[in-house]
Structure formats: C-alpha cells, structure tokens
Amino acid sequence: MKDWRFWIVFAVLTVVQIILCNFLDLSRYAVLSILPVLILMLPLRLGNVPMMLISFALGFAVDFFSTGMLGLTAAALVPVGLARNSLVYALFGDELGPREGELTLTWFGVPKFALATLILCSIYFLVYVVADAAGTYGFWAGALRFLISTALSTPVCLGIARILRPE
Amino acid sequence: MPKGRTVWTGIATAAIFILLEIAALSMLHSSSALQNIWLNRFSHNVMALTWGGVEKVKNYFGLREQNDILAGRNYELFKELQHYKELERTLTAMAKLDSANLPPRFNYIPAEITAMGTNSRHNYIIIDKGSNDGIVPGSAIITPNSVVGMVYAVDKRYSYGLSLMNERVNVSARIGREGIVVPMRWDGGGTNKVVLGDIPLHLDIPAGDTVWTSGKSKVFPPDIPLGVTEGLRVIDGAVGIVDVKLFVDLTSTRYVIVAENPDRETIENLSR
C-alpha cells in the first residue's frame, strides 16, 4: 500500500517538475529541480542498474514533455542514479541493517539527509550546467549557475522528501 | 556475494552507465545545434588525444630508426653548414667591396690571407686563391680601406704577394681628394705606419689629411682611403716626407680583395 502511494506521489512530482521546467523561469543562473530527491527516495532494494534505468526514463520524460533539450536531463540524472546506492550506504550504512525500511527524513535526521541531497544535487547540476552551456559560458558564469541552482534546489528537495515519505 | 560475480556486476553497471550516457548525449546531439557543435568538438578533441597518444607510443618504439635518420641528416647539415660558411665569407667580402664604391674597371675576387710575414723588410703574403680563381700576377691586394700588397706569383690554389710592408712596393697616393700625388712606401716604422716621399718643400701638408690611392696606377684602384697624415718632416734639408698612420694595422687583416686590372697589359704597352 505504501509503495502504491509512493509511486503515485512520484508520478505527480514528476509532472510538477515538468510544469516547473515549462513555466518557472527564475533566472539564467537559477534552475530549480526536484529530480535528485526523487531518485534518492526510490526503494532501497533497487540495484544500480534499475536505478540508472529509472533515472534515464525519468530524465527522458521530463525532457520530452518540457521545452528543454531532449537528453539533457537524462544525461544529468543517470550519474545521480548510479551514485545513489553508494551514497546511501556510505552515509546511512550502519542504520540501514536493523531498520530494513525505506529512507525517510525523520528517521535518518535532517543533517545526513541534507548532505545526501546536496551531493546528489551537485552531481546533477554539475552535468546539467556543463552540458547546457555547451562551452558558451565562461568558467565563473558556469560556476555561479551551478552554485545558485544547487543552493536553491537542495532545501526544496528536503521538503519534497517529506512529501514523498511522510512517515 | 562471490568476488568474481561482484567484478562482473561492476563491469555490467559501468557498461550500462556508459550506454545510457551515450544514448542521452546522442539525443542531445540531435536535438540542439549548439550541443551538436559542442559534442562534435569534444569528440574531435578525444579523437585527437587518442590518436596523438597512439602516435606517441609508435614514435617511442621507432626512436632507434629515427636516431639513425637524424645522424645521417646531421652529417648532411654539417656539410651544408660548411658550404654556407664559405659562401658567407665570400659575401661579407663582397659587401665590403660594394660599400667601398670601387670603380668597375677592375675585376675583384675575395680572398683570405693564409700566411703573412712581418719580421723582415721584405715581407710577403699568401692568399687562398690562385690561378684557378682567376688571380693573375700584378694584381692589387686591398681591403675597402687599405692597400695590403700586390700579387707577385700565382699557383693554382694559392697566390704569393708582396706585402705593403715590403720596401719593393710603392703605391701611388694622393693627399686629400684633390691634393698632390706622391709615392707611398713602408719604411719599416711599424705595421700601421708608412711614409709619403718626394714632397716638395714649399708645400704645407697639415696633419690629419686623408690619404687616398691616386688611381694613377695600373695596379691599384683609385680612391681607396689609406690613412691620415701626421705632419711633414725634412730629411737632410732637401727631401720632405710625410708620416702616414694607416687606418688598418696590416698584421690584423684577414679578408682581402684581389683587384685585377684587365687593361694592365694594354697600358704597359702604351707606356713603353
């Protein structure tokens, strides 16, 4: 039952991300994305390969339905999918064994969760900003875009995590 | 999980990751012109790096062969360099010749002094050009600002000449551009000192006048600057001579020009 709820909220949030991509234009230096946390919150039983496939499909869907470029979000999200399991075991490894449940913000605490979200957002925006710029930005303009987008998206992702698995 | 299986899982994960990234980038490549150019450029850089690396490895293993080729080339360049050095010497001599504004009625051949006697009153010069190079006896040996001597005898490759520091050599000289013409000779006073003889006593020859070749000679070209006067001396109350300090110390001369007057025989025949 809980799984069904998760997947429905997951689908709704994907639609929300598509709407954000289409209608939210903050600045050329600010991109808001909740996709890293959607990947982070996926069931822990999924291995690396399913994680990457889901990440690719999710990125492709967002690209397809938004005004962005096809492949851009998918290219940025696949590394997030690959890094998710390693990151989760590195940060929460000791606590995962006895718990045998899913990731929730309240169980694992805000600091570790924030760190995990920050790392995944950084991976996502690193690839996203570089691929989107296509060599047309200077280093500092790209770095500014990366920092603002990561700083903006990380707290939003923390809020989304609570919505995905409220517990 | 067994270790072997873990390795294969890792490889499969990496392969799928690469495939998915390639798929995403391919889509990006075809969906945007900007990204298309960027990815093409990236691809070209990777190709250049890869092929450059392969080429470096090939070059490394081909070093022995390259060394052999370089050694051969080195030898060829050495020979070529010697040839150009020789040419440069000739050109330097010819350039000095041009700057001297020498008249065209003489033929000029650059040469290098290979030996020079300086210890007697009958000194000699040997130069590295001979009859094969067109040198004939009786030619002048000069530099753009001095007279060095005259050719006395020639071999095929070398010539023997009498130095200006030889009492048998007389040069017709002019004091100033329009002054009197008098004979100039070496009196054993030094390697950069000569004297002008037969100076009429009523003439005042100030010190510092430039002395030139007069041109009244079938051997020496005219208007070669030789030196400056140092004042008139009277010998035995009857003969005046003027000391001249040469512009060039004869013993330090290395490159010379042999000036040959092709009309010399004609002039000699006329003056008999």
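**Questions on a two-chain model**

Tutor: Buried residues account for 39% of the 167 residues in chain A. Please bear in mind throughout that this is a predicted model.

Student: Which helix of chain A has the lowest confidence?
Tutor: The mean pLDDT of chain A is 85, and 92% of its residues reach 70 or more. Confidence is highest in helix H2 (residues 35–40) of chain A, at 91. The lowest mean in chain A, 75, belongs to helix H5 (residues 105–108) of chain A.

Student: What pattern does chain A follow along the sequence?
Tutor: Chain A has seven helices and zero strands. Read along the sequence, its pattern is therefore written with helix symbols, a helix being a DSSP run of at least four residues. For chain A that gives α-α-α-α-α-α-α.

Student: How many strands does chain B have?
Tutor: Chain B has 272 residues, of which 26% count as buried. Its secondary structure includes four helices. The strands of chain B number twelve.

Student: In what order do six strands of chain B close into a barrel?
Tutor: The pairing in this barrel is antiparallel. Neighbouring strands of the sheet are turned by 45° against each other on average, direction ignored. The order in chain B is S6-S7-S8-S11-S10-S9.

Student: Which residue in S7(B) is the bridge partner of B:Ser172?
Tutor: Strand S6 (residues 171–175) of chain B and strand S7 (residues 181–185) of chain B run antiparallel. Four bridges join these two strands. The partner of B:Ser172 in S7(B) is B:Pro183.

Student: Which helix gives the most to the side of chain A that touches chain B?
Tutor: Here 16 residues of chain A are in contact with 16 residues of chain B. On the chain A side, the elements that give two or more residues are helix H3 (48–65) and helix H4 (72–99) of chain A. The most, five residues, come from H4(A).

Student: How many charged residues are on the side of chain A that touches chain B?
Tutor: By class, this side of chain A has twelve nonpolar residues. It also has four polar residues.

Student: Why does B:Ile16 count as partly exposed?
Tutor: B:Ile16 lies in helix H1 (residues 3–31) of chain B. Leaving aside its neighbours within four places in sequence, B:Ile16 is in contact with A:Val49 and A:Met52. A buried residue needs 20 or more other C-beta atoms within 10 Å, and an exposed one has 12 or fewer. B:Ile16 counts as partly exposed because its C-beta neighbours inside 10 Å number 18.

How values were computed:
Residues are numbered from 1 along each chain as its sequence is written. Chains are lettered from A and ligands numbered from 1 in the order in which they are written. This is a predicted model: local features need pLDDT of at least 70, side-chain atom pairs count only at pLDDT 80 or more; totals for chains, interfaces and linings use all residues. Two residues are in contact if their C-beta atoms, placed from the backbone, lie within 7 Å. Ala, Val, Leu, Ile, Met, Phe, Trp, Tyr, Cys and Pro count as nonpolar, Asp, Glu, Lys and Arg as charged, and the others, Gly among them, as polar. pLDDT is the predictor's confidence in each residue, from 0 to 100. Two strands pair if DSSP finds at least two bridges between them. Axes are lines fitted to C-alpha atoms, for helices over the stretch in contact, and angles run from 0 to 180 degrees between N-to-C directions.
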